[in-house]
Amino acid sequence: MSCHIHPHADNSWKFSTHYNNSSGTIVHCVECHLPPEGHGYLFAKAKHGLKDAYGYYIKDSAKIDWQKKKLLENAITLVYENSCIDCHQNLFPVTLSVNGGNAHLFYVTSKEPLSCINCHLNVGHYDKNAVLHEHDSSFGVIITSDKPPFIESAEVTEFRDFTETIPGTTVSFEMAALPGGTFYMGSPKDEPLRDDDEGPVREVKLSQFWIGKTEVTWDEYMAFFRATSSQGRTEDQVVISKNADAISGATPPWGAPDQGWGKGSRPAITMSWHAANIYCQWLSKVTGKKYRLPTEAEWEYACRAETKTPYFFAGDPRKFTSESFLRKLLGPDTTTIASYIIYNKNSGAMTAEPFMVKVNPFGLKNTSGNVAEFCSDLYSEEYYKTDSLRTNPKGPARGLEHVIRGGSFKSDARDVRSAARDYTRTKEWLVTDPQMPKSIWWYSDCIDVGFRIVCEVDSSLLK
Amino acid sequence: MKNINRRKFIERTALAGISIASAAAVISACKKMPENKELGLPPILRGAPKGKKLRAGLIGAGARGTGAAINFISAGPDLEIIALADVFQDKIDACRERFASFNLPIPEENCFAGFDGYKKLMALPDIDVVLLVTPPQFRPDHFLEAVTTNKHVFMEKPLAVDPVGIRSIITSAKKAEAIGLNVVTGTQRRHQEDYIATYKQVKNGAIGKITSAKAFWNQDHVWFREREPGWNDMEYMIRNWNNFCWLCGDHILDTHVHNIDVINWFIGKYPERAIGYGGRHQRVTGDQYDFFSIDFNYGNGVSSHSMCRQIDSCANATGEIIMGTEGYTNCQNTIWDLKANVKWKFEYPPDENGNQMNQSVIPPYVQEHMHLVYAIRTGNYVNEAEQTALSTLTAIMGRTAAYTGQAISWDEIFKSDMNLGPSKLEFGPVDMVFETPIPGTPVISTVKPLYKGQII
């Protein structure tokens, strides 16, 4: 039996452990997608039934973005926790591994809401790319390139674009020289779909700097991982106290940090802000330059590329968004925006390689969209209102989370505007990390944040 | 308690126990049963009930292990020890001899020496129960193996020496619960009739609302062994296990955990935070402290002062005091009002001459095993592993607070990756560098203790 409109879901279900298992038990759609009787069963049945019938008669199944529905935040609205527990009553079977034990112990003692599918996302619908939570110690071990490695980093003698080469690897990347200048940071009150934290607009002056033409790729990040990774756990304080001669890098990740989408020139994701910061320190050490994360002001300056409009191309957020009532009825306009930005309407719920989009006027790709990017600033909602520093601002002195900018492949058009601000959510992004304490290197529950690097202009660099 | 006293005690217990076992086993105090059960308290038994023969294997055949094995067979009818495992052959030999002297021979083919002896023992088809009585470093692995091979378990406190071990114990406890394996732990006081009666009084409001507590285990120095020629690092440390933190957990775990467990039990929760001191100046071997003084903060203004010391010729005593809004108690047998008048006293039974005794008829060491056998034979399920693991973790939190000089929170210690053992258990030189912890330095929060120089 298929549930009306879900032929695709039907196939992946039949490959999953809830159908294709050694015990011969078959768990049917409604046993997961409806709560058990007595837990709001009838109400949920009516709700989903109506929605299903609507979809069956009105929508075209082939046009439904099934991949997107499988993202955790969407799946969680379609599966009932009580239904999982109704069958899986014993969370501590004798065969449970040490890590499984730690994870389930975390689940039963957690004060935060935690769902079974936070970890067991693909048990009902098979996904060939899904990797179970386990320490992936082979991660990054195989070096595939047979090109000769670079011996030296790029020599830079004048302030212009250059190609950095990472010594000892075959990895290179492009840096764009951005002239210093003054720009208007933030969004004016009349910008459609803006948030309050984007204002008031401030006139900000920046010195010249270099910035990566693309987000840091897996190739680049893996060069760092291979050079510095440690098999054991490394305490935060140990890393900080060590000098630049011995940078201790990331521990092996859990599962597949690239989500099975492939590495190469796709942006590196799931590393923590701390890991991105250590990456910059390592890169500085091996190239003899001063790499770091961009400040929030530098990021917006680079993204805007001298534009003052909501996007770095012409267009109205109200027409691009798919969240307003009107757009739900008429459908969003995707023509212009889809050629510049990877966002929820064109991403297929995953990251894209840089060749998929056009550059901004500064020659940069994916500042908006694809993955959100870490900045060095701490986040404060009130920062624009209270800050008085107008030259090379570095963010508030105190805060709990860091700024991320640009939105991601999951974002609506409103959140990929040049002025849109967001911030890291350290606790939420580590919910299912089964380690105690949790990793300082990898986020277990965030798949759409990466970073872009800035290189400072050091007078000693330019002779 | 000095070792010599304990040994004498075990002899006495053995004789008393065996005579009880031969008599008809009776469950007394049947009327009190439901009440105990409601409060999560063990039944008070005069002997384990009859039932199917239970065969036990002993893991850890030293002094306490041999004692526990004798306690087990003393608990009721048809209880046997049929197998032994220990790291050292000489400990096995001594224990076998002891049982042979009771006319209870243990077959040689059921005795297993070495680090993996416990696995071989648990693989024997006839074992129903295992007694886990090694130094606590090994307990988590032994408990996991016991649960994996479907054994009921008696195990001694403390249950582990570090948070990684504690989480392993709790996970295994939940696995045991899921398949109905009974687990009793050697907390003693939780099985003592006098403590249980006092607890009921406090629960009924005899001292009002609890406002503060203190717990103390101050005693003379304990046993230690100096290194003998021919012993490699590992053999030396295990023979002198009571003096190395990675094996023993320090005496705040080894002994003071009894008092800490009572405070947790009476207050009904675990502390949120610990701050404390400790130091070392007279110990000859190992890396542990001579004394600890810890403030355990239970929230809402309730604190327990926990102290333990192992130094000769001092004001030594062990026990607990809990203060309430309407009185206070020693938790063991007496309740006073706020003017120090005795409000209530536990009535110990009379001895053969009609004089009131100052302790229960059945020693708690034996009562624990009666409880285990009772649970197995009557189906009244018991599993004390998690509560004892959490009291052990409380002691670890206190120890860490003293070693580091930092305030340690419950959440932090519960999730800590502190794992004190060496990466490999085998005889030979041990690649661990030892150093007595110095408060204000972060050493202990890292993965391995740092032992420097020759191991003494």
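**One residue and its surroundings**

Mentor: Ile179(B) touches Val94(A), Val147(B) and Asn150(B), not counting residues up to four places away in sequence; a contact here means heavy atoms within 4.5 Å. This is a predicted model, in which local features need pLDDT of at least 70 and side-chain atom pairs count only at pLDDT 80 or more, while totals for chains, interfaces and linings use all residues. Residues are numbered from 1 along each chain as its sequence is written, chains are lettered from A and ligands numbered from 1 in the order in which they are written, and side-chain values use heavy atoms, with hydrogens and water left out.

Ile179(B) sits in the loop between helix H7 (163-178) and strand E6 (183-185) of chain B. Helices (H or I, at least four residues) and strands (E, at least two) are DSSP runs, numbered from the N terminus. Ile179(B) has a relative accessible area of 39%, so it is partly exposed. Buried means under 20% relative accessible area, exposed means over 50%, and partly exposed is in between, with a 1.4 Å probe and protein chains only.

Val147(B) is one of the buried residues of H6(B), which include Arg139(B) and Phe143(B). Seven of the ten residues of this helix (residues 139-148) are buried, so the rest of the structure largely encloses it.

Just after H12(B), Gly268(B) takes a positive phi of about 85°.

A nonpolar core is a set of buried Ala, Val, Leu, Ile, Met, Phe, Trp, Tyr and Cys residues joined through side-chain atoms within 4.5 Å. The largest one has 95 residues, and Leu121(B), Phe143(B), Met155(B) and Trp246(B) touch the most other members. Helix H14 (residues 385-404) of chain B gives the most to this core, with ten residues. Met155(B) is in contact with Arg139(B), Phe143(B) and Ala385(B), among others, leaving aside neighbours within four places in sequence. Apart from this core lies another, of 53 residues, including Trp261(A) and Trp273(A). In soluble globular proteins, nonpolar side chains tend to be buried together.

Next, a backbone detail close by in the numbering. Lys157(B) and Pro158(B) are joined by a cis peptide bond, with omega about -20°. Pro158(B) is in the loop between strand E5 (152-155) and H7 of chain B.

The structure holds two cavities of 30 Å³ or more. On a 1 Å grid over the protein atoms alone, a cavity is a set of points where a 1.4 Å probe fits but cannot get out, and lining residues have an atom within 4 Å of a point. Points are joined across faces, edges and corners, and a volume is the space filled by probe spheres set on them. The second largest cavity has about 40 Å³ of space. Its lining includes Ile44(B), His191(B) and Pro363(B). By class, the lining residues are four nonpolar, four polar and two charged. For this count, Ala, Val, Leu, Ile, Met, Phe, Trp, Tyr, Cys and Pro are nonpolar, Asp, Glu, Lys and Arg are charged, and the others, Gly among them, are polar.

Last, chain B as a whole. Chain B has 15 helices and 15 strands, and 59% of its 456 residues are buried. Of its contacts with a separation of 6 or more, 72% are between residues 24 or more positions apart. The mean pLDDT of chain B is 89, and 89% of its residues reach 70 or more; pLDDT is the predictor's confidence in each residue, from 0 to 100. Residues 1-34 of chain B stay under 50, as do residues 443-454. Where pLDDT is low, the predicted coordinates should not be read in detail. The model scores ipTM 0.78 and pTM 0.77.

Key. On a 1 Å grid over the protein atoms alone, a cavity is a set of points where a 1.4 Å probe fits but cannot get out, and a pocket is an open set with protein on both sides within 12 Å along at least five of seven lines; lining residues have an atom within 4 Å of a point.
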